[in-house]
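Here's a quick walk through one model, starting from the inside. Have a look at the structure first, then read on.

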Amino acid sequence: MRLLHTSDWHLGRSFHRESLHDAQRAFLDHLVAVVREHRVEAVLVAGDVYDRALPGLGAVALFDDVLHRLADLGVPTVFISGNHDSARRLGVGAGLIGRAGVHLRTDPDGCADPVLLADEHGPVAVYGLPYLEPALTRERFGLAGGGHAEVLRAAMTRVRADLAERPAGTRAVVLAHAFVTGGEPSDSERDITVGGVASVPASVFDGVHYAALGHLHGCQTLAPHLRYSGSPLAYSFSEVHHRKTMWLVDLAADGSVAAERLDCPQPRPLARLRGRLAELLADPELAVHEESWVQATLTDPLRPANPMEELRGRFPHTLQLLFEPEPTPGERHVSYADRVSGRADLEIAEGFVRHVRGGEVDELEQGWLQEAFEAVRLATEHEQEPPR
């Protein structure tokens with residue numbers, strides 16, 4: 001059976017305030033074309049369909065459109081909810097939509113209720129495990145405590161129990177949204193440690209033929225049967241070296257897996273540039289990044305005037321500007337606390353102004369700072385005076 005594994009669409013998300021609506025629509029067009037051209041027999045979407053629990057109308061319209069197009073192709077599709085999704089909202093109408101071959105698995109109680117598919121080699125049971133927030137699902141699995149690993153183990157125990165009752169030779173596929181030990185995170189994933197230790201061991205998924213994972217945004221293989229598809233688009237500059245893809249998975253008669261990465265269309269390449277402003281503006285080797293989305297880190301000892309305007313003159317799609325001044329010769333790195341230790345408040349304030357502006361504090365500004373500190377001192381003394 002040929003499966004297409006994707007996840008972490010994050011419909012409605014922007015990239016440093018740049019709209020990704022058109023890029024997400026282009027990805028969904030690409031997905032439908034891949035399903036048709038590669039004769040995909042089932043689509044697996046492993047969570048984070050939306051970027052937030054209450055998605056905007058544009059994001060909902062994109063999702064609605066792709067549901068209709070997948071249903072028109074007659075290809076079964078299984079979605080699970082991720083930690084960014086509202087499980088109850090995403091699952092509205094799941095029973096009715098399922099009649100069209102689009103299966104929304106958002107209820108933890110349905111973990112052991114598979115979507116049953118079949119090919120010439122026999123049945124394939126597809127189990128959808130939505131994101132399981134420990135604090136909200138422990139009791140439903142009969143657990144007195146525990147974190148992500150414990151609730152996923154409980155869900156997988158139910159999966160294995162159901163699978164044991166299926167005909168011999170039934171192949172098992174699981175969709176899950178979790179941080180599996182050994183995976184490489186990026187900056188754009190929402191932290192899930194609130195409900196306990198974030199990572200779960202790969203052994204949780206023992207006993208199934210393929211686990212289609214979501215949550216981490218980099219495509220990666222933890223084992224032949226255990227893979228993250230990653231997000232189809234970059235959502236942070238930490239993903240600059242990611243190759244954004246989907247997995248085309250062939251599940252053989254014996255349950256063995258062969259997988260191929262299919263590239264997703266990207267709106268622009270990403271670039272992380274670092275150096276002094278004049279160097280970045282003059283370096284001919286950086287011409288290749290002039291149409292990229294750029295994160296620039298300036299190392300000038302003094303902050304230049306109008307740096308964003310200057311950068312956008314050459315790199316018009318500069319989206320993020322950072323400052324990390326080079327240390328002067330012989331200067332050793334010390335913490336901020338060490339640098340200000342023993343200094344008077346006024347001296348610390350003047351140093352802050354110099355750092356932010358890149359220039360000295362004049363006499364008028366010194367006077368303003370002195371007046372401000374004196375006013376604070378008098379107000380504090382007044383509050384501390386004992387009542388008469």
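## The cavity

Helix α6 (residues 148–164) gives the largest share of the lining of the largest cavity, 3 residues. Helices here are DSSP runs of H or I with at least four residues, strands are E runs of at least two, and both are numbered from the N terminus. The lining consists of Y131, L132, H148, V151, L152, H177 and A178. By type that makes 5 nonpolar, 2 polar and no charged residues (Ala, Val, Leu, Ile, Met, Phe, Trp, Tyr, Cys and Pro are nonpolar; Asp, Glu, Lys and Arg are charged; the others, Gly among them, are polar).

The volume of this largest cavity comes to about 50 Å³, and searching the whole structure turns up 1 cavity of 30 Å³ or more. On a 1 Å grid over the protein atoms alone, a cavity is a set of points where a 1.4 Å probe fits but cannot get out, and lining residues have an atom within 4 Å of a point. Points are joined across faces, edges and corners, and the volume is the space filled by probe spheres set on them.

A word on provenance: this is a predicted model, where local features need pLDDT of at least 70 and side-chain atom pairs count only at pLDDT 80 or more, while totals for chains, interfaces and linings use all residues. Numbering runs from 1 along each chain as its sequence is written, and side-chain values use heavy atoms, with hydrogens and water left out.

A pocket is an open set of points with protein on both sides within 12 Å along at least five of seven lines.

## A hairpin

Strands β13 (residues 220–223) and β14 (residues 226–228) run antiparallel, joined by 3 bridges; two strands pair if DSSP finds at least two bridges between them. The hairpin connects them through 2 residues, and A223 has L226 in β14 as its bridge partner.

## The whole chain

Overall, the chain has 11 helices and 19 strands. Its C-alpha trace spans about 85 × 65 × 40 Å along the principal axes.
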